[in-house]
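Student: I would like to learn how to read a structure like this one. Please show it and take me through some of its features.

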Amino acid sequence: MTDLEAAINYLSHTQPAYLYLSLFFFAYLENLFPPSPSDLVIAFVGSLVGAGRLNLAVAILCATAGSTAGFATMYYVGFLIGRRIIDSGRIRFLPLGRIKTVEGWFAKYGYGLVIANRFLSGTRAIISFFTGLSELPIRIVLPLCAASALLWNTILISGGWFLGHNWKRLEMYLEIYGTVVLVLLGCTALFFILRFFLKRAHA
């Protein structure tokens with residue numbers, strides 16, 4: 001049984017109060033240990049809303065609270081010990097020079113990345129970590145994150161509600177969406193890398 005199947009099986013036999021808590025938990029956990037099946041779990045909960053087992057507004061609120069709390073946790077990890085983690089060399093997929101480049105991006109585009117973070121599956125923990133590392137003010141970034149999470153979770157839960165028993169169709173849509181996002185991110189990264197080297201060549 002996959003993690004997703006286990007989660008769905010658990011939620012299918014859970015009382016409403018525990019469903020709300022589970023919704024918060026899955027939304028929170030995805031920010032700390034990506035990738036996780038949280039988006040599909042949230043969509044499944046939407047189908048339970050459609051079946052009358054849960055309240056739509058409360059479900060959206062619980063998912064949004066979990067997403068925001070998860071973002072805040074990784075923000076403070078980056079804010080409090082991010083520099084120590086980087087200096088230890090534990091972020092192996094980003095060499096120190098590239099980390100400096102990423103920090104520069106956050107200095108310029110940090111607030112925009114926070115707004116977009118819920119729509120960039122797989123990069124959410126990285127965005128919240130570097131937001132804290134860049135010391136962007138929490139009083140600004142947390143409301144932006146909450147707004148982003150509110151919109152994304154409303155889309156997921158409403159989609160599950162609309163599709164009902166066919167909620168798993170969202171998996172296909174999310175995969176297509178994820179592929180498009182990865183391609184766009186790759187093209188954007190390639191553009192900035194090329195621009196960086198062109199600037200150095202003409203310096």
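Student: Is Gly-78 buried or exposed?

Tutor: Buried means under 20% relative accessible area, exposed means over 50%, and partly exposed lies in between (1.4 Å probe, protein chains only). Gly-78 has a relative accessible area of 1%, so Gly-78 is buried. Before we go on, note that this is a predicted model, in which local features need pLDDT of at least 70, side-chain atom pairs count only at pLDDT 80 or more, and totals for chains, interfaces and linings use all residues. Residues are numbered from 1 along each chain as its sequence is written, and side-chain values use heavy atoms, with hydrogens and water left out.

Student: Where is Gly-78 placed, and which residues does Gly-78 touch?

Tutor: Helices (H or I, at least four residues) and strands (E, at least two) are DSSP runs, numbered from the N terminus. Gly-78 belongs to helix H4. Contact means heavy atoms within 4.5 Å. Not counting residues up to four places away in sequence, Gly-78 touches Arg-83, Phe-129, Gly-132 and Leu-133. Take Gly-132: in sequence Gly-78 and Gly-132 are 54 residues apart, but from C-alpha to C-alpha they are 4.5 Å apart in space.

Student: How is the packing of two helices described?

Tutor: Two packed helices are described by the angle between their axes and the distance between the axes. Axes are lines fitted to C-alpha atoms, for helices over the stretch in contact, and angles run from 0 to 180 degrees between N-to-C directions. H4 and helix H6 (residues 124-133) pack at an angle of about 65 degrees, and their axes are 6 Å apart. The H4 residues in this contact include Phe-71, Met-74 and Gly-78, and those of H6 include Phe-129, Gly-132 and Leu-133. By class, the contact of H4 with H6 has 10 nonpolar, five polar and one charged. Here Ala, Val, Leu, Ile, Met, Phe, Trp, Tyr, Cys and Pro count as nonpolar, Asp, Glu, Lys and Arg as charged, and the others, Gly among them, as polar.

Student: What is the handedness of the crossing of H4 and H6?

Tutor: A crossing is left-handed if the near helix is turned anticlockwise from the far one by less than a right angle, and right-handed if clockwise. H4 passes H6 in a right-handed crossing.

Student: How do H2 and H4 pack?

Tutor: Helix H2 (residues 16-32) packs with H4 at an angle of about 30 degrees, the axes being 7 Å apart. Angles under 35 degrees count as roughly parallel, over 145 as roughly antiparallel, 65 to 115 as roughly perpendicular and the rest as oblique. H2 is therefore roughly parallel to H4. Their crossing is right-handed. Among the residues in contact are Ala-27, Tyr-28 and Asn-31 of H2 and Ser-67 of H4. The contact of H2 with H4 has 14 nonpolar, five polar and no charged residues.

Student: What does Ser-67 contact?

Tutor: Ser-67 lies in helix H4 (residues 56-87). Its relative accessible area is 0%, so Ser-67 is buried. Leaving aside neighbours within four places in sequence, Ser-67 is in contact with Ala-27, Tyr-28, Asn-31, Arg-118, Cys-145, Ala-149 and Asn-153.

Student: How do H3 and H7 pack?

Tutor: Helix H3 (residues 38-50) and helix H7 (residues 138-163) have axes 6 Å apart and an angle of about 50 degrees. H3 and H7 are therefore oblique to each other. The contact includes Ile-42 and Gly-46 of H3, with Trp-152 and Asn-153 of H7. The residues of that contact of H3 with H7 divide into seven nonpolar, five polar and one charged.

Student: Is Ala-107 buried or exposed?

Tutor: Ala-107, in helix H5, has 64% relative accessibility and so counts as exposed.

Student: How many helices and strands does the protein chain have?

Tutor: The protein chain has eight helices and zero strands. Buried residues make up 40% of its 203 residues.
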